[in-house]
Amino acid sequence: MSEIKVNSVVNSTGDNDSGLDLSTNDKVAIKIADAVVATVDTTGVVFNDASADRDFRVESNGNANMLFVDGGDDAVVIGHNASRTTLFNTTATAALQIEGTSGNTASMSIVRNSNDDNGPQLVLGKSNGTTNGAVTVVTADALLGRISF
């Protein structure tokens with residue numbers, strides 16, 4: 001197998017601000033209208049690193065919106081092409097949403113396969129910390145979790 005080394009920007013025909021940027025070692029950037037929309041390097045693939053209002057969609061066999069990331073509302077949606085406010089809070093969008101029209105498409109399954117007496121878990125947690133990953137004691141009478149219908 002022969003190797004081709006390129007150290008430049010490869011543009012689409014007649015378009016000087018969109019294409020592949022190969023100018024950084026071990027990194028490929030996908031540019032559209034001079035904005036980097038995705039990068040691939042030795043650590044992984046990153047979409048929308050600049051935090052623009054860009055959506056990301058993955059199709060499956062029979063579902064055009066199997067996985068949808070709504071860049072403007074900071075939500076991950078399964079089964080639909082837009083996020084929505086929650087039914088009990090009309091001003092906020094949930095970070096993870098599942099939409100469907102049947103028991104199969106509007107469901108979530110948690111399965112544990114282990115040869116012991118333990119089952120799967122659904123864990124709700126609360127901390128009085130103000131940053132992700134914080135572990136701070138909660139105050140007395142604090143709401144520790146909620147399941148709403």
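Analyst: Exposed means over 50% relative accessible area, buried means under 20%, and partly exposed lies in between. This is a predicted model.

User: Is Glu-59 buried or exposed?
Analyst: The cut-off for exposed is over 50% relative accessible area. Glu-59 has 52% relative accessibility, so this residue counts as exposed.

User: Which residue meets the side chain of Glu-59 in a salt bridge?
Analyst: Side chains of opposite charge can pair when their charged atoms come close. For Glu-59 the N to O distance in the pair is 2.6 Å.

User: What is the pattern of the chain, read along the sequence?
Analyst: The secondary structure comes to zero helices and nine strands. Along the sequence, the pattern is therefore β-β-β-β-β-β-β-β-β.

User: What percentage of the residues in the chain is buried?
Analyst: Buried means under 20% relative accessible area. The chain has 149 residues, and the buried share is 11%.

User: Among contacts between residues at least 6 apart in sequence, what share joins residues at least 24 apart?
Analyst: A contact here means heavy atoms within 4.5 Å. Of the contacts between residues at least 6 apart, those joining residues at least 24 apart make up 1%.

User: Which strand supplies the largest share of the nonpolar patch?
Analyst: The patch is formed by Val-10, Leu-20, Val-28, Ile-30, Ile-32, Val-40, Val-45 and Phe-47, with about 620 Å² of accessible area together. Strands E3 (27-32) and E5 (44-47) each supply at least two of its residues. Val-45 is found in E5. The largest share, three residues, comes from E3.

User: Which residues does Ile-32 touch, not counting those up to four places away in sequence?
Analyst: Ile-32 lies in strand E3. Its relative accessible area is 48%, so Ile-32 is partly exposed. Its C-alpha atom is 6.6 Å from that of Gly-19, which sits 13 residues apart along the chain. The residues touched by Ile-32 are Asp-17, Ser-18 and Val-37.

User: How far apart are the closest N and O atoms in the salt bridge of Lys-31 with Asp-21?
Analyst: Lys-31 forms a salt bridge with Asp-21, and the closest N and O atoms are separated by 3.7 Å. The pair links distant parts of the chain: Lys-31 is in strand E3 and Asp-21 in strand E2 (residues 19-21), ten residues apart. The rule for a salt bridge is a distance within 4 Å. The pair passes at 3.7 Å.

User: Of Lys-31 and Asp-21, which counts as buried?
Analyst: The cut-off for buried is under 20% relative accessible area. Lys-31 has 21% relative accessibility, so it counts as partly exposed. At 13% relative accessibility, the buried residue is Asp-21.

User: How many residues apart in sequence are the parts tied together by Glu-99 and Arg-84?
Analyst: The side chains of Glu-99 and Arg-84 meet in a salt bridge at 2.5 Å, N to O. Glu-99 lies in the segment after strand E9 (96-98), and Arg-84 in the loop between E8 and E9. The pair therefore ties together parts whose separation in sequence is 15 residues.

Conventions. Residues numbered from 1 in each chain as written. Predicted model: local features only at pLDDT ≥ 70, side-chain atom pairs only at ≥ 80, totals over all residues. Heavy atoms only, no water. Helix = DSSP H or I, 4+ residues; strand = E, 2+ residues; numbered from the N terminus. Buried < 20%, exposed > 50% of the residue type's maximum accessible area, 1.4 Å probe, protein only. Patch = residues over 30% accessible without salt bridge, like charges linked within 9 Å, V, L, I, M, F, W, Y side chains within 5 Å. Areas by Shrake-Rupley, 256 points an atom, 1.4 Å probe, with all protein chains shown as cover.
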